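Please keep the structure in view while reading.

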Amino acid sequence: MPIKVLFNKLVAFNPSEIPLEKQEKLEDYQWPLENLKGNEMNLKSSEGKVVLINLWATWCPPCVAEMPALQNLYDAYGDRVDFYFVSAENPNKLRKFMDKKGYDLPVYLYEYKAPDLLESSSLPTTFILSKRGNIVVNKTGSARWDSDKVKELLDALLAE
């Protein structure tokens with residue numbers, strides 16, 4: 001696993017923004033989730049906001065590889081962007097992973113199907129949504145989430 005994680009860090013690139021004419025709009029934000037403390041919430045509460053959703057697992061080397069960059073991005077934008085780190089794993093396993101790595105990312109569990117446009121059979125998959133609900137980024141595989149390019153994109157989306 002450590003070698004796979006290192007390899008994924010080395011080959012991670014900046015995620016690409018989807019051209020405006022090809023962006024799909026999330027119409028249905030209805031997605032019940034539960035945080036690691038057992039509190040229920042719903043993606044619907046983020047409608048009209050800039051959102052980053054990361055589908056991940058602790059056993060996934062590309063997921064683990066991009067976590068430090070995602071933590072950096074969360075540290076910089078967590079008060080202005082709604083972040084969701086969504087996994088189907090056992091909550092105890094997720095808590096142990098987060099504690100061991102020192103991450104304080106908002107991790108959620110899902111038992112219900114994600115909205116169709118947010119479905120993915122690959123991990124990690126990360127979506128960035130504009131305030132209007134447009135899927136601006138749909139990235140499968142690890143990426144450099146704390147790059148200047150991503151920060152410029154988030155700044156532009158927040159300014160809309």
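How much accessible surface does the protein chain have, and what percentage of it belongs to carbon and sulfur atoms? The accessible surface is about 8,500 Å², and carbon and sulfur atoms account for 50% of it. The model under discussion is predicted.

**Overall form**
- The protein chain contains 4 helices and 7 strands, which follow the order α-β-β-β-α-β-α-β-β-β-α from the N terminus.
- A compact globule of 160 residues would have a radius of gyration near 15 Å, and the protein chain, with 15 Å, therefore agrees with this expectation.
- Along the principal axes, the C-alpha atoms occupy a box of roughly 40 × 35 × 30 Å.
- Among contacts with a separation of 6 or more, 70% join residues 24 or more positions apart.

**Nonpolar interior**
- Of the 160 residues, 47% count as buried.
- In soluble globular proteins, nonpolar side chains tend to be buried together.
- The largest nonpolar core has 32 residues, and those touching the most other members are Leu52, Trp56, Leu73, Phe85, Ile128, Trp145 and Leu154.
- Elements giving two or more residues to this core include β4 (82–87), α3 (91–101) and α4 (148–159), while α2 gives the most, with 7 residues.
- Another core, of 16 residues, lies apart from this one and has Leu26, Leu33, Leu43 and Leu129 among its members.

**Trp145**
- Beyond its neighbours within four places in sequence, Trp145 is in contact with residues including Pro15, Leu52, Glu66, Leu73, Ile128 and Lys139.

**Charges**
- The protein chain carries 20 positive and 23 negative charges, whose mean positions are 6 Å apart.

Key
Residues are numbered from 1 along each chain as its sequence is written. This is a predicted model: local features need pLDDT of at least 70, side-chain atom pairs count only at pLDDT 80 or more; totals for chains, interfaces and linings use all residues. Side-chain values use heavy atoms; hydrogens and water are left out. A nonpolar core is a set of buried Ala, Val, Leu, Ile, Met, Phe, Trp, Tyr and Cys residues joined through side-chain atoms within 4.5 Å. Buried means under 20% relative accessible area, exposed over 50%, partly exposed in between (1.4 Å probe, protein chains only). Contact means heavy atoms within 4.5 Å. The radius of gyration is taken over C-alpha atoms; the globule rule is 2.2 Å times the number of residues to the power 0.38. Accessible areas come from the Shrake-Rupley method with a 1.4 Å probe; for residues, only the protein chains shown count as cover. Lys and Arg count as positive and Asp and Glu as negative; His and the chain ends are not counted. The place of a charge is taken as NZ of Lys, CZ of Arg, CG of Asp or CD of Glu.
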